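Reader: Hi! Could you take me on a close look at one set of salt bridges in this model, and tell me where the partners sit and how buried they are?

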Amino acid sequence: MERLGTGIGWRPEIADAVERMPGIDWVETVAENVCPGHLPESLRRLRERGVTVVPHGVSLGLGGADRPAESRLAALAERVEALGSPLVTEHIAFVRAGGALTASPGLEAGHLLPVPRTRDALDVLCENVRIAQEALPVPLAVENIAALISWPGEEMTEGQFLYELADRTGVRLLIDVANLHTNHVNRGEDPVKALAELPLEAIAYVHVAGGFERDGVWHDSHAHPVPRPVLDILTDLASRVSPPGVLLERDENFPEPAELEGELGAIRRALDAGAVERVKTELRSAGDAVAAVRRAETGAVDAALTGDVVGDAAPGGRGEPAAVAGRKSGRCAPEGAVERNEKARPAAGPTRREQMRPAATATRRYQTRPAASATRHEQARPGISAARHEGLRSGADGVRHEETPTGNSARHEGLPPRADGVRHEETPTGNSAARHEGLRPGAGAGWLEETRGVASGLLARGGAGRPGGEVGATRGACGLPRPGDGEAARQRLGLAQAALLSALVAGTPVPEGFDRARVGVQARALAAKRADVVAKVAPELPVILGAGYRTAFLAYAQTRPMTDGYRRDALTFAEHLLSAGRPEDSAARRELREWWLERSGPTPRSHRPAHRLARATRRVLLRR
């Protein structure tokens with residue numbers, strides 16, 4: 001993966017400051033806010049200086065039940081080529097629901113909403129990611145998102161879900177450590193466990209951002225300074241792996257450039273602290289490996305010597321020198337016996353050592369291998385598995401072991417207990433099939449609950465050494481789909497997402513199993529964000545309506561869900577006010593009407609004098 005370095009999110013409001021900031025290796029821009037044919041001059045200048053620009057999409061909806069639209073994929077690919085980007089990123093989220101798949105009105109969230117961590121959702125997401133990968137000209141990385149609400153009946157942790165996604169599609173991961181913190185506060189999820197379960201070699205880069213807490217709920221606002229807990233998670237991540245890039249996100253309430261530079265400095269210090277811990281861990285692991293090999297060699301020598309000298313209990317038995325046997329029996333040893341035995345002993349010793357050395361080496365490799373690695377090696381999937389093989393190095397003792405930044409215990413601690421009660425570290429290395437079964441994330445007591453049967457009775461998730469492994473070990477396009485179940489999974493997911501989104505934006509009843517209070521918080525947050533974004537894309541509306549804009553928009557949003565983006569939403573809002581005879585001030589109403597007419601037609605209205613006169617004449621005639 002290309003090394004990106006330290007970057008910052010490029011926004012028009014801070015474009016000049018970003019250009020002047022020292023130590024900026026790359027920037028990220030919201031893909032939907034860039035016009036390929038008219039790139040902002042600031043981005044042009046950055047590219048000319050050799051600064052990498054990465055487009056960050058927010059509207060594909062890869063986690064939705066529908067397949068990603070070809071038009072959206074084409075638009076994203078066009079922006080990638082215009083910016084000369086080495087990769088493109090999106091989110092593991094759904095942003096719309098309803099439509100033909102569920103025979104219900106289409107709804108837009110205007111926000112990134114969480115995907116349920118279920119087998120159905122994972123199957124759909126894998127197929128959508130594969131479609132996007134085929135349509136985009138550069139590698140794709142997908143981001144974990146923050147959430148206020150949890151889906152009922154989830155089958156995987158976040159780390160397991162991301163692991164399966166990366167393993168089945170080869171997609172890269174954009175890890176947002178601020179979102180891990182958000183989910184820790186809002187959903188009680190452990191960020192340390194999530195990091196332990198992640199395929200660290202799949203990380204493309206990392207996001208860092210700030211937020212705020214209100215009434216026990218953390219809001220990932222991207223409008224506040226980065227808090228210490230987020231930096232601590234970044235340090236933990238950096239102690240496990242050196243991320244190719246780290247980026248500071250800031251979308252609103254932009255501070256002075258000096259404050260942003262200070263936050264970037266704090267991010268660099270957090271990375272340095274993690275790097276120090278990573279080096280310490282690697283040195284400890286290397287020392288442990290050397291010590292283990294030496295112990296194994298000493299044990300082999302002792303065993304060989306014991307076998308040569310003691311041998312059978314009877315005098316003159318196998319492995320006992322004839323001279324010694326002769327003394328025990330009271331007879332003299334035959335002439336030359338001592339010399340012959342002394343010459344024969346070196347051959348026996350090294351042979352036994354050589355026989356025992358591979359066992360010691362294998363034991364060490366199993367002990368140092370990360371938890372998820374065994375399954376990935378067994379399945380021999382190119383891409384991520386190859387990266388793990390490339391991570392193997394030879395120690396000074398000649399024994400190959402993995403450079404796992406976290407050591408052995410961190411990955412094992414992220415695994416659930418085995419059904420047989422045996423700790424992963426204590427599993428005998430001779431039983432490789434049982435060991436591989438215990439090493440897989442999510443394996444153990446919950447493995448049978450996570451598997452789904454196929455019509456043939458084979459296990460869809462079987463691997464090497466498991467029942468059905470010949471079929472289940474197949475990797476690639478969404479693993480092994482259940483026959484005829486692809487569209488059914490999409491429909492089930494679509495119905496669930498439409499029910500939740502309708503409750504959030506249209507006021508329908510909250511689906512069973514959800515926390516009603518949290519759904520209410522999310523609904524109010526969506527309406528507030530919607531009002532803010534409409535004010536940005538149509539800045540004339542707050543000016544025309546004055547202080548009454550926000551109240552009027554929130555009342556409108558309660559009964560009018562968004563169906564086609566924020567710009568269309570602004571026009572619909574103006575039309576809604578005009579049809580109700582509002583605003584009450586006639587001058588404001590006239591101005592609002594002119595604004596709506598200017599933008600609602602297929603083309604802007606002409607301002608030529610003749611056309612303006614014709615419009616004025618028509619208005620006069622209509623009043624008669």
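Author: **A linked set of salt bridges**

Happy to! Arg187 and Glu154 join their side chains in a salt bridge, at 3.4 Å from N to O; the term stands for a side-chain nitrogen of Lys or Arg within 4 Å of a carboxyl oxygen of Asp or Glu. This pair links distant parts of the chain, 33 residues apart: Arg187 belongs to helix 6 (residues 177–187), while Glu154 is in the loop between strand 7 (140–143) and helix 5. Helices (H or I, at least four residues) and strands (E, at least two) are DSSP runs, numbered from the N terminus. Arg187 is buried at 15% relative accessibility, whereas Glu154 is partly exposed at 26%. Here buried means under 20% relative accessible area, exposed over 50%, and partly exposed in between (1.4 Å probe, protein chains only).

The model is predicted, so local features need pLDDT of at least 70 and side-chain atom pairs count only at pLDDT 80 or more, while totals for chains, interfaces and linings use all residues. Residues are numbered from 1 along each chain as its sequence is written, and side-chain values use heavy atoms, leaving out hydrogens and water.

Next come Arg117 and Glu158, whose side chains form a salt bridge at 4.0 Å, N to O. They too connect distant parts of the chain, 41 residues apart, with Arg117 in the loop between strand 6 (104–113) and helix 4 (119–135) and Glu158 in helix 5 (residues 158–169). Arg117 is buried at 7% relative accessibility, and Glu158 is buried at 9%.

To put the pieces together, a network of salt bridges links Arg117, Glu154, Glu158, Arg187 and Glu189.
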